[in-house]
Amino acid sequence: EILEPLIDKRGVTYYTLAKCCSNLMLFLVKDILDYSQIESQSLILNKAPVQMHQLTDECMSVLGFKAQEKGISLTLTPSDANHLTIVTDANRVKQIIINLLSNAIKYT
């Protein structure tokens, strides 16, 4: 709170970029670990109730800057499905969504 007046818009942009990049790197590391677990047939799913809108929002924030950098508008159209609560492994679903978004941005 003390530093809040010192943070300008550019600082917030750099902070957001660093956070998004670190989250993306974490997802990539988790992907690699998952592949090794699949190969050793020891993949463990951590099922818990999660809200889809939270998953999609997080994934969109991770890749939003990358899309913006390419001049692509990354938007999510609200639907009833966004307000679903499902029992799943949130990290696995995030990995799937991030892979889909990343490919969409890369090949657009």
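This note goes through the fold, the helix packing, the salt bridges and some individual residues of a predicted model.

1. Overall fold. The chain has three helices and two strands. Their order along the sequence is α-β-α-β-α. The C-alpha trace spans about 50 × 35 × 35 Å along its principal axes.

2. Burial and surface. The chain has 108 residues, and 24% of them count as buried. Its accessible surface is about 8,100 Å². Carbon and sulfur atoms hold 61% of that surface.

3. Packing of α2 and α3. Helix α2 covers residues 52-69, and helix α3 covers residues 90-106. The two pack at an angle of about 35 degrees. Their axes are 9 Å apart. The crossing is right-handed. On the α2 side, the contact is made by M52, L55, T56, E58, C59, M60, V62, L63, K66 and A67. On the α3 side, it is made by A90, V93, K94, I97, I98, L101, S102 and I105.

4. The structure holds two salt bridges. One of them pairs K94 with E58, with the closest N and O atoms 3.2 Å apart. K94 sits in helix α3 and E58 in helix α2, so the pair ties together parts that are 36 residues apart in sequence.

5. Are the partners buried or partly exposed? K94 counts as buried because its relative accessibility is 10%, under the 20% cut-off. E58 has a relative accessible area of 32%, so E58 is partly exposed.

6. The other salt bridge. D89 pairs with R92. Here the closest N and O atoms are 3.9 Å apart.

7. T88 in β2. Strand β2 runs over residues 85-88 and includes T88. T88 has 19% relative accessibility, so T88 counts as buried; the cut-off is under 20%. Which residues does T88 touch, leaving aside neighbours within four places in sequence? They are N46, K47, A48, V50 and V93.

8. A90 in α3. A90 lies in helix α3. A90 is buried because its relative accessible area is 18%, again under the 20% cut-off. Leaving aside neighbours within four places in sequence, A90 is in contact with N46, V50 and L55. N46 and V50 are also among the contacts of T88. A90 and P49 are 41 residues apart along the chain, and their C-alpha atoms are separated by 8.4 Å.

9. Nonpolar patch. M25, L28, V29 and L33 make a nonpolar surface patch of about 370 Å². One of them, L28, lies in helix α1, which covers residues 9-39. L28 has 42% relative accessibility, so L28 counts as partly exposed. That value falls between the cut-offs of 20% and 50%.

10. K9 in α1. K9 is also found in helix α1. Is K9 buried or exposed? With 72% relative accessibility, K9 counts as exposed. The cut-off for that class is over 50%. K9 and L63 are 54 residues apart along the chain. Their C-alpha atoms are separated by 19 Å.

How values were computed. Residues are numbered from 1 along each chain as its sequence is written. This is a predicted model: local features need pLDDT of at least 70, side-chain atom pairs count only at pLDDT 80 or more; totals for chains, interfaces and linings use all residues. Side-chain values use heavy atoms; hydrogens and water are left out. Patches are made of residues with over 30% relative accessible area and no salt bridge: like charges are joined within 9 Å, nonpolar side chains (Val, Leu, Ile, Met, Phe, Trp, Tyr) within 5 Å. Accessible areas come from the Shrake-Rupley method with a 1.4 Å probe; for residues, only the protein chains shown count as cover. A salt bridge is a side-chain nitrogen of Lys or Arg within 4 Å of a carboxyl oxygen of Asp or Glu. Helices (H or I, at least four residues) and strands (E, at least two) are DSSP runs, numbered from the N terminus. Buried means under 20% relative accessible area, exposed over 50%, partly exposed in between (1.4 Å probe, protein chains only). Axes are lines fitted to C-alpha atoms, for helices over the stretch in contact, and angles run from 0 to 180 degrees between N-to-C directions. A crossing is left-handed if the near helix is turned anticlockwise from the far one by less than a right angle, and right-handed if clockwise. Contact means heavy atoms within 4.5 Å.
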